[in-house]
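Look at the sequence and the model shown here.

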Amino acid sequence: MEYFILKTSVSVVVSLIFQESVFKNVKMGPGSGSGGLQLVPQEAAAAAAHESLIGPRSSYPEDQDWRPLMQSFTSCEWKASAGRRRPPSLTLRPSSVLQYSSAGCLLSLHHTEKPDHEEVCEFRPYTCPCPGATCKWHGSLEAVMPHLMHAHKSITTLQGEDIVFLATDINLPGAVDWVMMQSCFSHHFMLVLEKQEKYEGHQQFFAVVLLIGTRKQAENFAYRLELNGNRRRLTWEATPRSIHDGVAAAIVNSDCLVFDTSIAHLFADNGNLGINVTISMC
């Protein structure tokens, strides 16, 4: 009868260890009192229960409390692992604070996804949109136009949805940029004509329209570039790019009007090239 009572008591204690792990552990051992029971600290109880579930603790630091690290994980993952003392690598998928979270980005991404997102994040600072300039300015979208008017006063701004962008002296040697601003529909657009020398003796022109705004705002507009000459017409229609993308991205992706010097001379007048620019809402 005494053996039966002792066996039942041990079963109850062991059950409490694995279900709660909040009281001191009781395990079998010689010389520890009635029935060979030995009291050990609560930490050993938690370790014994933990090891029985996930294996030895030799793969991570002894007595490491992982709760502070859990603050950097997403809420759903925290709920799934709250209170468990195990290495994050076993159960959790870390999410990193994004570089532009203070500017309003609310996404929570795995750290391996951060670089790709931050390259195109709408909340990253805007750089000076002037092509070919050495200007290192960067700031918020609302500060772009004040910057252009203060630091780049030579840029002309025309009002209206249909204007003529006049590029003078297109025969100048080397790489040259022509820039003009167009204001309509309560937005500002940057018109850019860029000449590049692809290889010796072969030059190309690239014309594109950029919106001083976000990519989402740019989707609400369309633009048309048109060259008119003697019984000739060259037209390009597209969606303007955001200044977040920049001129270089448009050129690399051929998302712009492209023509060489021979075509330019067909439409030029005394070395000046006029491009009709029309902005419309989609």
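## Helix 6

Met 149 and His 150 are exposed on the other side of helix 6, where exposed means over 50% relative accessible area, buried under 20%, and partly exposed in between (1.4 Å probe, protein chains only). Helices (H or I, at least four residues) and strands (E, at least two) are DSSP runs, numbered from the N terminus. The buried residues of helix 6, which spans residues 144-151, are Val 144, Met 145, His 147 and Leu 148. Seen down the axis of helix 6, these buried residues fall within an arc of 160 degrees, so they line one face of the helix; the arc is that of the directions from the helix axis to the C-beta atoms.

The buried residues of helix 6 pack against strand 5 (126-127), strand 9 (176-184) and strand 10 (187-199). Contact means heavy atoms within 4.5 Å.

## Basis of the model

This is a predicted model: local features need pLDDT of at least 70, side-chain atom pairs count only at pLDDT 80 or more, and totals for chains, interfaces and linings use all residues. Residues are numbered from 1 along each chain as its sequence is written, and side-chain values use heavy atoms, with hydrogens and water left out.

An open sheet of 4 strands runs in the order 8-16-12-13, with antiparallel pairing; two strands pair if DSSP finds at least two bridges between them. Its edge strands, each pairing on one side only, are strand 8 (162-167) and strand 13 (232-238).

Strand 8 pairs with strand 16 (residues 273-281) over 6 bridges in the antiparallel sense. Leu 166 has Gly 274 in strand 16 as its bridge partner.

## The whole chain

The chain contains 9 helices and 16 strands. Of its 282 residues, 36% are buried.
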